[in-house]
Every structure is written in structure tokens, then in C-alpha cells.
Amino acid sequence: MVAKVNHFEQNVLLLENERYCLFLCKVKQAAAVAVARAIRNPQTMPAFQEKEIEKVLLTLLSLDHDGVRAAAAEAIAVMTGYSSSKSIIAACADMALLVQLLGSKMVKVQESVALILANLTCGNRSVISLIAQEGVTEPLVNLLSHSTGAVVTNAAAVLTNMATEGNLRTDMEQCGAVPALIGLLQARNFQVVRQGVLALTALMVDVDVRTELCSCGGVQALVQLLGSEDESVMRSAAWSITVGAADTQTAVEFTKHGALEVLQALSLSHNRSSGFAQVALQALLNNNLPAKYSLTGVLAPTDIISDGFYDCGPARSLCAMKILCLEELAQQAVNDKRPIIVVNALKPLDHALFPIVSCGFIKKRRKNY
């Protein structure tokens with residue numbers, strides 16, 4: 001009988017202890033929420049920093065309670081917006097835990113942790129290296145398909161910061177980041193689209209990414225974004241085209257989808273004129289010399305022509321006339337009054353590609369250099 005009473009008392013004590021722990025977690029959660037609200041005011045921030053609140057919040061983040069973690073993560077995300085706290089958090093945070101929490105079932109935790117990583121990785125190669133060692137790339141790429149815009153935006157921001165490292169760009173490409181980011185270009189949320197463009201642009205310094213961009217419909221999507229009603233999206237797309245036009249093949253792909261016409265229209269517009277559009281237009285012309293010569297009638301001393309350069313005649317305005325590539329010209333009917341002159345000094349033209357060369361549509365000029 002005594003044993004049963006003791007067993008009953010133990011169960012009561014355990015139950016009371018669980019209730020106390022639950023109550024304590026609720027208190028900690030409420031306190032973290034209050035801190036997150038208070039530190040948004042820069043004037044109150046120093047008082048919390050004196051108490052080393054960063055370390056306290058990082059401790060709460062390690063507790064196995066979703067509510068506490070969500071509140072603590074939100075507060076830490078706010079604190080990483082302050083440079084003084086950002087350095088402390090970068091030095092004290094458990095990067096393995098942060099990467100693990102990207103897979104949390106709570107959307108708020110995912111959103112806040114992704115924002116923490118976005119802030120910590122901005123200009124900090126050490127943090128980038130640490131989270132890369134913890135395998136952060138795949139979880140971030142997975143978050144690009146999340147249904148919550150803020151989660152996607154923050155994840156894309158982390159990938160943008162990580163893309164400064166060449167080996168990590170390769171990892172992102174292998175994890176499917178390029179098609180995932182191209183998919184974001186169709187989103188309705190302008191912030192998601194803008195950050196997706198920026199992340200894609202950061203990856204496009206690699207030629208393999210530019211090749212994948214052309215094969216996955218990214219070129220057409222970027223050209224369409226030049227007409228976005230959101231100015232920041234339009235400027236981001238123009239900058240992306242500037243970076244993407246680093247090689248002739250990609251520049252020609254942009255030209256095929258009408259980038260030259262849209263960029264010239266933006267450059268001449270009184271309402272939407274943008275320096276980004278002008279720079280993108282110049283970048284396309286510099287890497288698509290046939291289009292440059294057709295539009296301007298002049299090539300610079302630094303413009304080196306080679307096999308494949310062609311002169312299809314002057315185009316006074318891209319708005320009135322689209323500059324076609326050789327493949328597109330070969331599909332048109334023969335025009336004896338407007339010959340197309342092709343520089344072909346080293347190898348014969350591919351007659352399978354240009355079956356009507358012998359009909360006089362394309363006149364070939366050979367010249368030894």
C-alpha cells in the first residue's frame with residue numbers, strides 16, 4: 001500500500017514538473033517575443049547589448065520547444081541587422097544547429113533562420129565556409145520551392161551571398177539551384193522575383209550556368225522581366241543581362257528573344273529610362289558584333305570579328321527592325337536586293353544549317369588575316 005502511494009506521488013511530481021517546464025517555456029517564449037519587439041527600436045538596443053542578450057537568445061534557440069525557438073530566431077534575426085550584434089552572433093552561433101533548423105516544420109523558424117544566415121553571410125567568408133561545411137546548400141535550394149514568399153526570399157539571399165565562392169557555385173548548380181531560381185522568375189511576389197534574379201545573376205559568372213540558363217528558359221524569362229512594372233525587378237533583370245552577355249553565345253540568345261529591342265526602348269523612354277538598361281544594351285552589342293555593326297554602323301578598334309560575323313545591312317532603329325541571327329536569316333525567303341555578307345575565313349559554312357547559301361541569299365566573303 002505504501003509502495004502504491006509512493007508511486008502515485010512520483011507521478012504527481014512528474015506531472016507537476018512537466019507543467020512547470022511547459023509554463024517556463026511559455027515564459028521564455030513571451031520574453032523572447034518582447035525582446036524582438038523592443039530591439040527593433042535602435043534607441044533601446046544598447047541596453048540589451050549590455051546584458052549580452054545575443055548569447056541568451058542563442059541559448060534559447062537550442063531548446064527543444066518550437067515556440068521558444070521561433071521567438072528566439074525572430075529576435076536573433078532582428079539583432080543580426082545591427083553590426084555590433086552581428087559579429088557576436090557570428091562568433092557564438094552554432095552553425096550546425098542553424099542549418100538543421102532550416103528543415104524545421106515551423107514556417108516562422110525557417111523564415112527567421114534563413115534571414116539570420118542571409119545577414120551573417122553578407123560579406124563574411126568565414127561564416128559562408130562554416131555553413132557550407134554543414135551542408136547548407138541542399139536545404140537552401142529545397143526552400144526555393146517553399147510556399148511562403150519570405151522563406152524563399154531569405155533562402156535566395158543566402159545563396160546570393162554564397163555565390164561569391166567558386167566551389168560553392170558548383171555545388172549549387174549540382175543541387176539544381178539554376179532551374180529552381182529560373183522558376184522564381186515567374187512568381188507574383190516582386191521581392192521573390194528580384195531576389196531570384198540577383199541569385200541567378202551571382203551564379204551566371206560561370207559559363208556552365210549561362211549554358212544552363214539558355215537551355216532552361218531563363219533567357220526568355222529575364223527578357224520578359226525587363227517589362228516588369230516594378231522598377232527594382234526591371235533594373236535587376238537588366239543587370240542580369242549585363243552579366244549574362246559575357247559571351248557571344250548567351251548574348252545571341254538574349255538577342256533572339258528580343259532583349260535588344262526592349263533595352264533600346266527603355267533607354268529612349270522618358271518615363272522608364274534607366275542606366276541599367278543602357279549598360280545592358282551596350283554589353284549585348286559588345287558581345288554581338290553583327291548587331292552592333294547593324295545598329296551603329298561602326299565597330300571599335302577593340303572589337304575583333306571572327307568566323308560567323310555577318311553584315312545584314314543597317315538597322316536604324318531596333319524598334320522598327322529586329323536584328324536576326326544567321327539561323328533566323330536562313331529561314332527567310334531569298335532577297336537578291338539585300339545580300340547578307342558573312343565572314344568565313346577558316347572553315348566552310350554548314351550547308352545543313354544554311355541550305356539556301358547556294359541560292360545567293362548569303363554571300364560569303366573570304367579574307368585572309
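View 1. Helices (H or I, at least four residues) and strands (E, at least two) are DSSP runs numbered from the N terminus. This is a predicted model, in which local features need pLDDT of at least 70 and side-chain atom pairs count only at pLDDT 80 or more, while totals for chains, interfaces and linings use all residues. Residues are numbered from 1 along each chain as its sequence is written, and side-chain values use heavy atoms, leaving out hydrogens and water. Of the 369 residues in the chain, 45% are buried (under 20% relative accessible area, 1.4 Å probe, protein chains only).

**View 2. Helices α19 and α20 meet here.** Look for α19 at residues 275–286 and α20 at residues 289–296: their axes (lines fitted to C-alpha atoms over the stretch in contact, with angles from 0 to 180 degrees between N-to-C directions) come within 6 Å and cross at roughly 115°. That makes α19 roughly perpendicular to α20 (65 to 115 degrees). Q282, L285 and N286 of α19 make the contact with L289, A291, K292 and L295 of α20 (heavy atoms within 4.5 Å).

**View 3. The largest nonpolar core holds 100 residues.** Such a core is a set of buried Ala, Val, Leu, Ile, Met, Phe, Trp, Tyr and Cys residues joined through side-chain atoms within 4.5 Å. L57, L98, I131, M162, F254 and L284 have the most contacts inside this core, and helix α4 (residues 66–79) gives the most to it, with 10 residues.

**View 4. A close look at L57 and its contacts.** Leaving aside residues up to four places away in sequence, L57 touches A32, V35, A72, A75, I76 and M79.

Notes: Buried means under 20% relative accessible area, exposed over 50%, partly exposed in between (1.4 Å probe, protein chains only). Angles under 35 degrees count as roughly parallel, over 145 as roughly antiparallel, 65 to 115 as roughly perpendicular and the rest as oblique.
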